[in-house]
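Dear colleague,

Here is the structure I said I would pass on. My notes follow it.

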Amino acid sequence: MKYFETQRLLLKPATVNDAAFYLELLNSPKWLKNIGDRNVNTVNDAKLYIQERMTPQLERLGYSNYTVIRKSDKVKLGCCGLYDREGIEGVDIGFAFLPEYEGKGYAYESTLKIKEVGINQFGIHKISAITIPENKSSRKLLEKLDFSFIKIINISDDDEDLMLYECKIPNTSKNNIK
C-alpha cells in the first residue's frame with residue numbers, strides 16, 4: 001500500500017487494523033456534530049465501515065481515506081483523504097482529528113500533503129470540499145489551503161445545507177501551452 005509522509009506525519013491508507021481507532025474517531029463529539037452519526041458502535045462495525053466504504057475506493061482509484069499517524073510516537077491522530085463522493089463535482093477532500101490533536105497544525109500538514117498528492121500523483125484536476133456552515137475551524141482550514149467558498153448545496157439523501165468549496169488547480173500541462 002502506498003503511504004505518504006510529511007515532516008511530522010505518516011499518512012497510510014486505512015485498513016481493518018485501524019478499526020479501534022476509527023470507532024473512537026467516528027464517535028468523537030465533533031465528528032458526530034459536524035459530519036454525522038455513521039452508526040459505527042463496535043470495533044466490528046468499524047471494520048465493516050472500512051471494508052465497505054474506504055477499501056473499495058482505494059482499490060478502484062488508488063486513493064481514499066488515510067490514517068494520520070505521528071511519526072515520533074506512532075500515535076493515530078485523525079484521518080484525511082480524497083473521496084469520490086456522489087453529489088460533489090470533482091474529488092472531495094476531507095479531514096477529521098481527535099479533539100486532543102486539534103490546533104497543533106496536524107490537519108493542515110496532512111491535508112496539504114493529500115492535496116499535493118492528489119494533484120501531482122493522481123492527476124486530479126478539481127478538488128472540492130464540503131462542510132456545515134457552523135464548522136468554523138474546517139472553513140478556516142479550507143481557506144488556508146486555498147479553497148474558496150462557491151455556494152450552498154445539498155447532497156443526495158441529506159437535506160442539510162453544506163458549504164461547497166473548490167480549490168483552483170493551475171493547469172501545468174505542456175500540451176496546453178501554445
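T131 belongs to strand β6, which covers residues 127-131. The model is predicted, and in it T131 counts as buried because its relative accessibility is 6%, below the 20% cut-off. Beyond its neighbours within four places in sequence, T131 is in contact with S138, R139, L142, L162, M163 and Y165.

On charged pairs, the count of salt bridges is ten. Three of them are described here.

E5 and K71 form a salt bridge, with 2.9 Å between the closest N and O atoms. The pair links distant parts of the chain, 66 residues apart: E5 is in strand β1 (residues 4-5), and K71 is in the loop between β3 (65-70) and β4 (76-83). E5 is partly exposed at 39% relative accessible area, and K71 is partly exposed at 28%.

K76 forms a salt bridge with D18, the closest N and O atoms being 2.6 Å apart. K76 lies in strand β4 and D18 in the loop between β2 (9-13) and α1 (19-26), so the bridge ties together parts that are 58 residues apart in sequence. D18 counts as buried, at 1% relative accessibility, whereas K76 counts as partly exposed, at 25%.

R60 and D84 meet through their side chains in a salt bridge of 3.0 Å, N to O. R60 sits in helix α3 (residues 43-61) and D84 in the loop between β4 and β5 (91-97), 24 residues apart. R60 is exposed, at 52% relative accessible area, and D84 counts as partly exposed, at 42%.

Finally, salt bridges with shared partners join K12, D18 and K76 into one network.

Regards

Note on methods: Residues numbered from 1 in each chain as written. Predicted model: local features only at pLDDT ≥ 70, side-chain atom pairs only at ≥ 80, totals over all residues. Heavy atoms only, no water. Helix = DSSP H or I, 4+ residues; strand = E, 2+ residues; numbered from the N terminus. Buried < 20%, exposed > 50% of the residue type's maximum accessible area, 1.4 Å probe, protein only. Contact = heavy atoms within 4.5 Å. Salt bridge = Lys/Arg side-chain N within 4 Å of Asp/Glu carboxyl O.
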